[in-house]
Amino acid sequence: MESRAILLKIEDLKKSFGGLTATNDVFLEIHRRELVCIIGPNGAGKTTLFNLITGLLHPDRGRIIFKNEEISKLSPHDINRRGIGRSFQRGNIFARLSIFENVQLGLLCGRGQSLNFFSPMRNMVCDETMQILAMVGLDNQCQNISGELSHGDQKRLELALAIANQPQLLLLDEPTAGMSAEETKATIPLIADLFQKHDLSIIVIEHDMDVVFSIFSRIVVMHQGGIIADGRPEEIKRNDLVQKVYFGEKKWEF
Amino acid sequence: MTSKTFIPVNSRKNWIWGGPILAGALILPFMIPLDWVHILIQIWIMALFASSLNLLLGYTGLIPFGQAAFFGVGAYTCALIILKTSLPFFVAILASPFMAALFGFVIGWFCVRLTDIYFAMLTLAFGEMVFAIIFKWYSFTGGDDGLVQIPIPELFASMNNYYYFVLAIFLGCLYMLRLLVHAPFGKTLQAIRENPERVEFLGVNVKRYKLIVFTIAAFFSGLSGALFCCFNHNVFPGYAGWAMGAEPLLMCVIGGIYNFLGPLFGAIIFTVLEKIIVTRTEYWPFFMGAIIIVIVIYFRGGTFPFIQKTLQQKDH
């Protein structure tokens, strides 16, 4: 089925930093229109995996194939142009630009118009920019300087920036990290809505188990650089190894 | 938080200042003594030099210590074409920025691979290499004697005519630079200044953009060098020296690096102050230094944004 075709394939991925192995023996397939969550304790190698997929790091061994093309050795901008976007653990926006300009720039870069030297930018892609801002609930403060936003709003702006770039595969690194309970409550439906309305696959790193089991149909568990479980939420809940990694001998209650 | 002192680069209020400055620039030569017309020409040339440098400093977040190399290349290209070929004056003026841009492209290719202080030091090293070549190549550049008595067309023998020629070029270049910084390319440069890693993840090849803006800045610096050469009727190796490169840097800091008209404002303050102090004391560098220290400490963000902000507060 075309909608379940493989979008991203990771084969035997390994990355070490000196004597520390951050990821090892990672095999993973992500399909088109799939919403996947990666969980795991701190230091499990989740962010390193994201950094390897997006070109911030290059693997010591293994291959990353996106849309049938190997991207393991490409730079971040080349990988982004092929359709992979991401957000970061810590708010990563353009602090001195306005909220509007952040998203507008994301849209223009996504369309390859950032090398336009002479057209005034203020008249470009305004409607699309406002639509994206409305989606994340930042449209009413679009002229404000983005560096003045609260942490939660900065994370939402980063999400908007990533969407504006029109990726086919979106990697969200702890999108609710540092958010209040209310902000988290507002952000989770946003991600689900984003997945419903756009033709894209999303991989999310998340620690909040309420969030994890509320919207994801597939969960990948990482531990000490490797994948120890991959399946539906109920399978993950029943997995003994996952139970042990998270709670030792105690039982995991949901 | 950075936003506390933030003044938007693309302040739309700039035109309010641009109007009176333009009107003053057009009528002043008829109202002031000739030596002040001389100062004004110097202001427009240095403002162009400083504005080109500010593309790197204020818009892209790069600190170039060797920008005078391109000013010098532009000046020497113009002088050598006029003195050693039979090509017309305007060809010399036109060829200079392109030669500077070529140097900018080659030097920039190496420099954009580094960031922060390493970028600054590499630009300084290349700048000093250009200076050393000019200084030592007697048979071609005249060495430390420079090249003197460079003829310019009769039309520009009159100081006022040359003034309007320089003003026209300056305004044309300023208009182009303004278009550039308000276009997606200019905004991408600002994003690179803010967060180069994030821009990479929007599909932007940051090194390539830095190389392009480095070359563009060299182009306009070269043009200002050519105008300066014809203005003084001579060129010396010092035009490409680091001290020459420090002047536009100071002008940008004085005027405000996050404002499009900041370098122009800085060029006016710097040049006028220099003129006033030089005629009064032989210790003028000491007093210039003291004034610059005061401006940098008490007008952080630059004098132009400070005045803008003060006037805006008064309006409210």
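Student: What percentage of the 254 residues in chain A do buried residues make up?

Tutor: Burial is read by counting neighbours, and a residue is called buried if 20 or more other C-beta atoms lie within 10 Å of its own. In this predicted model, buried residues make up 46% of the 254 residues in chain A.

Student: How is A:Leu159 placed, buried or exposed?

Tutor: A:Leu159 has 22 other C-beta atoms within 10 Å, and therefore it is buried. The residue sits in helix α5 of chain A, which covers residues 151-164. Once its neighbours within four places in sequence are set aside, A:Leu159 is in contact with A:Ser87, A:Val136 and A:Pro175. A:Gly178, by comparison, stands 19 residues from A:Leu159 in sequence and 15 Å from it in space, taken from C-alpha to C-alpha.

Student: How many helices and strands are there in chain A, and what is its radius of gyration?

Tutor: Chain A holds nine helices and ten strands. Its radius of gyration is 19 Å, close to the 18 Å that the globule rule gives for 254 residues, so chain A is as compact as a globular protein of that length. Along the principal axes, the C-alpha atoms of chain A fill a box of roughly 60 × 40 × 40 Å. Sequence separation can be read from the contacts too: among those in chain A between residues at least 6 apart in sequence, 65% join residues at least 24 apart.

Student: Into which domains is chain A divided?

Tutor: A domain may be built from more than one stretch of sequence, and here domain 1 of chain A takes in 1-83 + 168-254, while domain 2 is 96-166. Their C-alpha centres lie 26 Å apart, and the contact between them takes ten residues from domain 1 and nine residues from domain 2. On the domain 1 side, helix α6 of chain A (residues 181-197) gives the most, with four residues. By class, that side of domain 1 has five nonpolar, four polar and one charged residues.

Student: At what angle do the axes of α11 and α12 of chain B cross?

Tutor: A crossing is described by the distance between the axes and by their angle. The axes of α11(B) (residues 242-255) and α12(B) (residues 262-278) come within 7 Å and cross at roughly 110°, and the two helices are therefore roughly perpendicular to each other. Residues making this contact include B:Leu250 and B:Ile254 of α11(B) and B:Leu264 and B:Phe265 of α12(B). By class, the contact has ten nonpolar, three polar and one charged residues.

Student: Which value does phi take in A:Asp25, and in B:His233?

Tutor: Phi of A:Asp25, a residue other than glycine, is positive and near 55°, and A:Asp25 lies in strand β2 of chain A (residues 20-31). B:His233, also not a glycine, has a positive phi of about 60°, and B:His233 is found in the loop between α10 (206-232) and α11 of chain B. A:Asp25 is partly exposed, with 13 other C-beta atoms within 10 Å, and B:His233 counts as partly exposed with 14 C-beta neighbours inside 10 Å.

Technical notes
Residues numbered from 1 in each chain as written. Chains lettered and ligands numbered in written order. Predicted model: local features only at pLDDT ≥ 70, side-chain atom pairs only at ≥ 80, totals over all residues. Axes fitted to C-alpha atoms, helices over the stretch in contact; angles between N-to-C directions. Parallel < 35°, antiparallel > 145°, perpendicular 65-115°, else oblique. Contact = placed C-beta atoms within 7 Å. Nonpolar A, V, L, I, M, F, W, Y, C, P; charged D, E, K, R; others polar. Domains from an automatic or database assignment. Buried ≥ 20, exposed ≤ 12 C-beta atoms within 10 Å, placed from the backbone. Rg over C-alpha atoms; globule rule 2.2 N^0.38 Å.
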